[in-house]
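Please open the model in your viewer and keep the sequence alongside. The stops below are given in the order in which they may be selected.

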Amino acid sequence: MNPMMLSSCLPRRACDDGSMNHGSAGLVIWDVDGTLIPADLRWLTRAISRAYGMAESEVVFPDKKVHGYTDESIAIDTAITSGVDALAAEAGIPAFREAIAAVMQEGRRELAEVQPPYPGAAASIAELHGRGFHQTVLTGNLRSAAEVKLQVSGLDDFLDLRIGGFGSDARDRFQLPAVVAGRYLATYGQQLDPDRVIVIGDAPNDIACARHAGFHVAVVAHRIGHQELASHHPDVVLDSLDPTAVVAAVNSLWASGGSPATS
């Protein structure tokens, strides 16, 4: 299909099941960095510096793009690129997990200043919630980092993080859809139907991961150009998170895989 070119459960409301029929509701799965909030490598830089005992100025990220990969895989590749032995890079992961959790907690005020959510992010999540969609995240962030980012940015009200997939669940992003499916079943008592799932991301790896799981996928051109994203064959390429465009895209993909959500 050619892409359409369109211009722990902390929050109470995301966990309020009410009379929702989970078997018929659609699931929207959001990426975090680059999709809901701008990406910023300062947190990884600080955590890698602490975990491997090097100055922040000595942290060298690999030449390959890190968009769409998990934090642990990025940490290992970056440590090796920065001169750490491969075995030592792997051995440093427990320290990295502790460091990233500490860095994010310490940086909450700075995070609010330098990584406010993209325009339309909060409104899009709220609109989809109002139309009956369940929502969660699938992200390369460790859970400890993702929760802080979503809390500080005020985006967690309607996201059910109980069923999310995080970089702390698997180092291979392609394993995270199965994590989401398992948690969905455990939480809602229903098998997750791939035709009722729409991933919203911003990177080619988000597209590949969604396709691997049999999910629909829309991407937003925040960091990567329209044409390059389209070359990876998502269902939809969005120019921004304009709520009208997001809802239209999600409803269109939902209609192609099942009954439309409540309008």
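Which residue of strand 5 stands opposite Ile198? It is His216. This is a predicted model, in which local features need pLDDT of at least 70, side-chain atom pairs count only at pLDDT 80 or more, and totals for chains, interfaces and linings use all residues. Residues are numbered from 1 along each chain as its sequence is written, and side-chain values use heavy atoms, with hydrogens and water left out.

Select strand 4 (residues 197-201) together with strand 5: they pair in the parallel sense over 4 bridges. Strands are DSSP runs of E with at least two residues, helices are runs of H or I with at least four, and both are numbered from the N terminus; two strands pair if DSSP finds at least two bridges between them.

Next, colour strand 5 (residues 216-220), where 5 of 5 residues are buried (under 20% relative accessible area, 1.4 Å probe, protein chains only). His216, Ala218 and Val220 lie on one side, and Val217 and Val219 on the other.

Now turn to the aromatic pairs, of which the structure holds 2; ring centres of Phe, Tyr and Trp (its six-membered ring) must lie within 6.5 Å, and planes over 60 degrees apart count as edge-to-face. Select Phe133 and Trp254: their ring centres are 5.6 Å apart and their planes stand at 85 degrees, so the pair is edge-to-face. Both Phe133 and Trp254 are buried.

Conventions
Buried means under 20% relative accessible area, exposed over 50%, partly exposed in between (1.4 Å probe, protein chains only). Rings of Phe, Tyr and Trp (its six-membered ring) pair if their centres lie within 6.5 Å; planes under 30 degrees apart count as stacked, over 60 as edge-to-face and the rest as tilted.
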